[in-house]
Amino acid sequence: MLMNSRVAAILGPTNTGKTHYAIERMLGYRTGMIGLPLRLLAREVYDKIVAARGPSVVALVTGEERIVPPRAAYWVCTVEAMPEGMGTDFVAIDEIQLCADPERGHVFTDRLLRMRGTHETLFMGSDTMRGPIAELVPGCEFMRRERMSQLSYTGSKKTSRIKPRTAIVGFSVENVYAIAELLRRQKGGAAVVMGALSPRTRNAQVSLYQNGEVDYLVATDAIGMGLNLDIDHVAFSSLVKFDGRRMRPLAPNELAQIAGRAGRGMRDGTFGVTGEAPPLEDEVAEAICNHRFTPLRKLQWRNPKLSFGTPEALIASLEAASEDPLLLKAREADDLKALKELATRAEIRARASDARSVQLLWDVCRIPDFRGISQAEHAGLLDVIFRHLHERGTVPDDFIARQVHRIDRVDGDIDMLSKRLAYIRTWTYVAQRRGWVSDETHWRDRTRAVEDRVSDALHERLTQRFVDRRTSVLLRRLKQKEALLAEVNDKGEVTVEGEFIGRLEGFRFRQDKDAKGEEAKTLKSASLQALAPHFHLRADRFYNAPDTEIDFTEQGGLMWGEQAVGKLERGDDPMKPRVAAFVDDEAGPEVRQKVERRLQHFIDRKVAALFEPLMNIQRDEALTGLAKGFGFQMIEAMGVIPRAKVADEVKALDQEARGALRKHGIRFGQFTIFMPLLLKPAPTRLRLVLWSLAQGRDTFPEAPPPGLVTVPADQGTPQDEFAIMGYRKAGTRAIRIDMLERLADLVRVEDSRGGFEATADMLSITGLTLEQFADLMEGLGYRAEKGERAKQKPVDAAVPVEEGASTEAGADAAEDEAAPAEDAPVFDKGTPEAIEPGAVTGEAEAPAAPAEDPAEEKVAEIADHGEAPLAAEPAEDVPETPVAETPPEETPLGEAPDAAVAGPEIEVFYTFTWAGNRNRDRGGKGRPQGRGGPPKGKGKPKGKRPPQQAKNYEARPPKKDKIDPDNPFAAALSGFNKGKS
């Protein structure tokens, strides 16, 4: 240490003006140098000194930036880049407490011990360094500076409740980005400051905050290193950090260094925690507020006296320990790790054979790992650079050009641009080293230009992702209580100050989906100025809209065109649902009432129109007794009742009551009592909605597509739900109930006990394949037996014509009165056993004798002379040569050429017989069945079955005993019978 040199330590908390004092002291000398902990802070101080003295006398030296004018008098450097042996009048080291930092501490300790100005040396930092400085630097003067403002602890707050002009601190890139994204949604955006950013990007981000474009700053602990920003509050999002080896809690003095950024000059500041960070302990918070911390007792140190004889000797000198107990040997740094890795490579050991080569190897190993990919990959890059420098003395232009060219791109997202920025910093560092490139000026300018372009692109992406200028403008205008210009166009799009902020859907305002939290509140507040009068205009137009513009959905929603305006709710009467309108509270009660009245009118008219047959039953005063009661059952069931549920009620109805109900369109089918008019798509769709509301369902079943006779049947869906749809479940499919009755008419004439096959009409009605039809019949209680046989072509068999085979019965009689007995097949009407007790059966009337043809009468009148008039004697027999019907070389007509080889064509057929399980539809209340055989009854005659003749069976009483009241000629027939009696 020079005898006439003054050494002083300016110690104290943050916001005491220590750095400002050092700059003033330096400018009082002819030459000076100041070492700063961050590249960002160095750039800030450089700009201040340039503003005071001009750029021609100020130099900036960092790892990636070197600005050295010819007449440089004042040097602003990062601590690692401070040149030695300059002999400046003044030297200052800022944030000297970093001597205890595990990663960089040995560098600060080296400057504390060896860096001196010829006239004055200053160390600025925390009070915790008083003891080590006093012991290591004898004769050092100490000056304490008090904080110019008060610092207080405010506890924990949610991020959404943090006040403006706040810096939120995170300790990882992912954490910083997550907080910035949250602030963009809730507060309009935030600036992002991290140590890994270039000074250009950092300054652009800070400008957003300092100029008031955003009110929040998200940063790493880099802001604790002397960055002077307009911050009122510092919030910690975490109290632990990764120090390069492990996650560890931050010490109170480290928290104080960051918290001290709040409150600049004479303005007080506050600090606290947010997010997942736990509240600070009372002792820690008090220590930060009063600036009382445990003094440092150990400093990080690494031997500055290096041996460059061999790589092994260099490693040994770097790992040497200090004899001073106050100096703790620093842990293995990245440069030492790289040196050890390269020293194991044979080619590197061969090249590092002298002191000069070893020193070059050490200089290459000190290139920082800006990329942070892996130690092995970083060592590989250093290997290439060292070999180029050792062979040629410089890094080849074409090699560095290729590396820079790959990085010189501005496309991609934030992560991609951040990686490129880290990559270019490596080559910027290489270009700044004297003698490492052939044209230093060119490559410094080139790498600097690439860094600037990537930095600008990164700033643009950061702003685009984390700053919502729309919300920022609105928040600023609302705070200033300025009138906002808001508009609503004919498409319902709402704009404020020309910015799209949402859409008016029906009578509800839908904000921009990207708006969240405070941003959403701001947008909604701004939009109400335009929406208030528009709500009333839209309500008037809706009230006068025709019913054709309004519709309901299968889930009970109410639509006005493509916009949802309400929903149906359960009412006291299933046929009279209530409505709930979708109207924002800001629209007012008048708009809500008007919309609700219009929707109620619509649904009431829709129910009355589509369910008019049911409404007519309710209004028919002529219905009395059992008919009236059954009519109300139909209304409650919305026009569809499975017959098994009302079997007893149907039996109790006489013909007169049934006739009265038929006049209202009720059809008594063998499976279902229904109204065909209500099976149309529109009534079915509404019936499902009303039924689902009455059942209290959250999700409603969808109506089957119109026109389908059968649909796939979900086995988990109950039969009642299929009935409301107008279908009956049978096997894996469900068949429409009206088509099921038509199928019943076709099956009724078949012999269900003896077995029958499906006809073309049956398959045509159902629209199914033969296999699907077999599954359907099994679901209806039949047994399907599969068989194969030779296919019979139409030309191979004559179609017999049966006389008297007409078996036409009245459709309504089959529906109403021919319900099978408990043991009878469902559709069986072909055997006497299938007839209900009391039913009247009769043989088919024999066909009348055909009348004689007049032509035959004339032929009979011709006299018979006993011989043909043309030839009295028979002609002589002439032997005929037989002619083959088909030449032997030709294939007979209708026969395949390879018929003899392939054999006859086989077809699959099914034989259906009654399986005796009809009682499933009646809840098992019928007679018990046997082992699945044919239904019990009189049985079939033993032996050969006699030929059956066509018969007609009538379930209703013979007309000679009782006249069908539904017959339009009932009155005439009644009078005719009375006349006969």
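Which residue does the side chain of E907 meet in a salt bridge? The partner is R789, with 2.9 Å between N and O. A salt bridge is taken here as a side-chain nitrogen of Lys or Arg within 4 Å of a carboxyl oxygen of Asp or Glu. The pair links distant parts of the chain, since E907 belongs to strand β35 (residues 906-914) and R789 to strand β33 (residues 782-790), 118 residues apart. Helices (H or I, at least four residues) and strands (E, at least two) are DSSP runs, numbered from the N terminus. E907 is partly exposed at a relative accessible area of 23%, and R789 is partly exposed at 31%. Buried denotes under 20% relative accessible area, exposed over 50%, and partly exposed the range in between (1.4 Å probe, protein chains only).

The structure is a predicted model, in which local features need pLDDT of at least 70 and side-chain atom pairs count only at pLDDT 80 or more, while totals for chains, interfaces and linings use all residues. Residues are numbered from 1 along each chain as its sequence is written, and side-chain values use heavy atoms, with hydrogens and water left out.

In total, the structure holds 57 salt bridges. Side chains of opposite charge can pair when their charged atoms come close. One of the salt bridges joins the side chains of R200 and D456, at 2.7 Å from N to O. This pair also links distant parts of the chain: R200 is in helix α6 (residues 199-210) and D456 in helix α16 (residues 440-466), 256 residues apart. R200 has 41% relative accessibility and counts as partly exposed; D456, at 36%, is likewise partly exposed. Both residues take part in a network of salt bridges that also includes R43, D47, E65, R448 and D452.

A further salt bridge is formed by R598 and D547, whose closest N and O atoms are 2.6 Å apart. R598 lies in helix α19 (residues 589-610), whereas D547 lies in the loop between α18 (517-543) and β23 (550-552), so the pair ties together parts that are 51 residues apart in sequence. R598 is buried, with a relative accessible area of 5%, while D547 is partly exposed at 26% relative accessibility.

Burial was also examined in helix α7 (residues 252-259), where L255, A256, Q257, I258 and A259 are buried. The elements covering the buried residues of α7 include the strands β9 (151-157), β10 (166-169), β13 (233-236) and β16 (269-274), together with helix α8 (282-290).

Technical notes
Contact means heavy atoms within 4.5 Å.
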